[in-house]
Every structure is written in structure tokens, then in C-alpha cells.
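I opened the model today and kept notes as I went. The entries below follow the order of my look-ups.

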Amino acid sequence: MPLTLTHDVLLKERTTLRLGGPALAEAVVSCAAGLDELARVLPGLGGRPLALGAGSNLLAADGPHALILVRAANNAPAELSNQPDGTTLVRAGAGLRLPRLLGFCQRAGLAGLEGLTGVPGRIGGGVAMNAGSYGVELGSLVSRVRLWTPEGGLIWREAKDCAFGYRHFDPQLGTGKGTSANFWLIWEAEFILRADEPFAIRKRMEANYAKKKATQPVTAKSAGCVFKNPAGSSAGRLLDEAGVKGKRLGGMAFSTVHANFLVNEGGGTAAEALELLEYGRAMVFDRFSMNLETEVVVLQ
Ligand SMILES: Cc1cc2nc3c(=O)[nH]c(=O)nc-3n(C[C@H](O)[C@H](O)[C@H](O)COP(=O)(O)OP(=O)(O)OC[C@H]3O[C@@H](n4cnc5c(N)ncnc54)[C@H](O)[C@@H]3O)c2cc1C
């Protein structure tokens, strides 16, 4: 099916924090024909479109959301093309899971992504968030991104024409080409990777995962780090020193493993999560006069 529409979809069933009330509908698109169909039906669905990946960076409020969740389901294995300079261009659909791409590249002897070992999510969400870990930001490896808008369809956008920042991506559609768009969906991305021994890549991935497992609640229900690290500092350390680590409210808590992870220990609500988030921010401000910026995407 190019396009599958489902009404009244619970965000708590679509997010790793397991929080969030119902969205009006969800559109799952598996191919370009599905995107054409989506452009036709979207205006009649009555809500604001929101691109959704694996929901691993979302904190959705408990009440109803006037949203149409748009999920790219193009998750075929990545395609490779060797470049004259010895690098390899890797093209991946937005619906492909990031860990699957890492595994595929390791077996193919393609290096560059190893820092992102243990980061969940899909390619679309990874590029949209410019996911980063252990010195690697996904955006730094992007060559170009294929975007879809209801008005303009599919277009390729070179990385140099996009803005990548700390957990930030903007395709800058409103500038440069005379186009403007309220909603855009990442449909595909191309990455430039370099050749290395599969065994050496695997060793680096294993070392990174071991480090993550030792320092982060990797199996808990979370959305990763809730606050961005202030320049030259660590939000986790600041929260820890402000006494926030382990603080709980109802079913939600700041992890005892890593203070910057808010975890749903079972039966938690978004109201509790949001209250804890503001509590953590206030405690750090009181202690260090530093204002922590939210990293997790909050859907109110
Ligand atoms: C245990 C754990 C560990 C984590 N560790 C890290 C880490 O080390 N580093 C890190 O950076 N993050 C980390 N995260 C956060 C998260 O995994 C990343 O931000 C991930 O890239 C989000 O991808 P997603 O597909 O889940 O996106 P979602 O959570 O579904 O969406 C996130 C944002 O991206 C947008 N988006 C999603 N798909 C698309 C698309 N196709 N087109 C346009 N916009 C889109 C959404 O609208 C939303 O604004 C962690 C999360 C967990 C649960």
C-alpha cells in the first residue's frame, strides 16, 4: 500500500517514552506514489502534519493533538555508489532504522557512523535532529537530502544549502530557491563514508556501545537526553550536582544512571514529565545561573 491512513492514533504507542494522547490520524507512506496521494488527502484531514520517525526524541502531552502524523516507511536496504575519490555514497530511505544502517555499513566496510552506535531512531529523525554522539554528528556526513513538501513534491537539497547545528537541521526552503514550505518531510538522505576494515569498524562500535551501556539507561523507556549540553559543560553533570539525579514524580524520574535522561518507570504521564523537566531546569538555574535548553521535542 503506497499510503495507509489510520485515525485516532495514540502517541504513547508511537514514542519510546510511552507518553502522549491521541493524534487525529497517522499517514504511513511507503513510496513516491503514496506521497502524491498524501498531497491530495492531507488538506481534508483537518490537522497540522508532523513528521514522525521512531518517536525516540519526543515528549508528547497527555491530551488530544490536532496532528496528522506522517511516517516515511521507505526502509529498504541502503544503496551504495563508489566515488572517484575513493569514498562511497550511501543512500538510505528516511524510514530505515539508524542502527540497521550502522550494521549494514559495518559489514560493507564503510566507516564514519560508529560514534552513533546505540542511538535509536530512523534516518529521517536522525537527520532532522542532527543526531550526534561521541564526536560524530549525522549532518557532518550528509551529502544531500531528499525532501518532500505537499506543494512542491520531492526535491534534492545539497547539504551546503542546509543549516545543520547542535541537534538542529533546517533545509532552508524559504530562502535561496524562492520556495517556502510550512511542512517538509525528509524522504531520503545520502551520506559520504570512507572505506575501512569491517573488523576495525566493529571494534569501535562495540567500544562505543559498551561505554553507552555503562553510563546511560539504554534499555529504559526514555527519549534520550532531555536537555542540550551548554557550551563547554554537561547538562547531566549540572543536573547531578544540582541534586536532580533520581528525582521522581509519579511514574516519571530522572534516571539514577544518567541525570539527563527522564525515564518512564511505568504508568508515568506527560504532565509529570513536564513538571519534572521544569523542576530540573529551575534547580540548575538556582545553583549555577545557567538556563538549560530543552533537547527533547515537546508536543504540547
Ligand atoms: C536510549 C536513547 C538514547 C539516545 N541517544 C542519543 C544520542 O546519543 N544522541 C542523539 O543525538 N540522540 C539520542 N537520542 C534521541 C533520538 O534517538 C535521536 O534524536 C533520533 O535521531 C530521533 O530519531 P527518530 O526517528 O526517533 O525521530 P522522532 O523522535 O520521531 O522525531 C524527532 C524530530 O524529528 C522530526 N522528524 C522525524 N522524522 C522526520 C522526517 N522523516 N522528516 C522530517 N522531520 C522528521 C520530528 O518531527 C521531530 O521533530 C536517544 C534516544 C534514546 C531513547
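Which element gives the largest share of the shell around the ligand? I found that α3 does, with five residues. Helices here are DSSP runs of H or I with at least four residues, strands are runs of E with at least two, and both are numbered from the N terminus.

Before going on, I noted that the model is predicted: local features need pLDDT of at least 70, side-chain atom pairs count only at pLDDT 80 or more, and totals for chains, interfaces and linings use all residues. Residues are numbered from 1 along each chain as its sequence is written.

Ligand shell. I counted a residue as near if its C-beta atom, placed from the backbone, lies within 6 Å of the molecule. There are 31 residues around the ligand, and G53, G121, G124, G125 and G224 come nearest. At least two shell residues each come from β3 (48–51), α3 (123–129), β9 (132–133), β15 (185–195) and β16 (221–225). I sorted the shell by class and got 17 nonpolar, 13 polar and one charged. In this scheme Ala, Val, Leu, Ile, Met, Phe, Trp, Tyr, Cys and Pro are nonpolar, Asp, Glu, Lys and Arg are charged, and the others, Gly among them, are polar.

Domains. I took the bounds from an automatic or database domain assignment. They give domain 1 (3–72), domain 2 (79–214) and domain 3 (217–299). The C-alpha centres of domain 1 and domain 3 are 26 Å apart. Their contact uses 13 residues of domain 1 and 14 residues of domain 3, where contact means C-beta atoms, placed from the backbone, within 7 Å. On the domain 1 side, strand β4 (residues 58–60) gives the largest share, three residues. That side has six nonpolar, five polar and two charged residues.

Helix α1. I checked residues 32–45 for a bend. α1 bends by about 35° at A39, and the proline P43 follows within four residues. The bend is the angle between axes fitted to the seven residues ending there and the seven starting there. After α1 comes G46, with a positive phi near 80°.

Helix pair. I looked at α2 (residues 98–108) against α4 (residues 198–215): the angle is about 145° and the axes are 7 Å apart. Axes are lines fitted to C-alpha atoms over the stretch in contact, and angles run from 0 to 180 degrees between N-to-C directions. L102, Q106 and R107 of α2 meet P198, I201, R202 and M205 of α4.

Notes. Contact = placed C-beta atoms within 7 Å.
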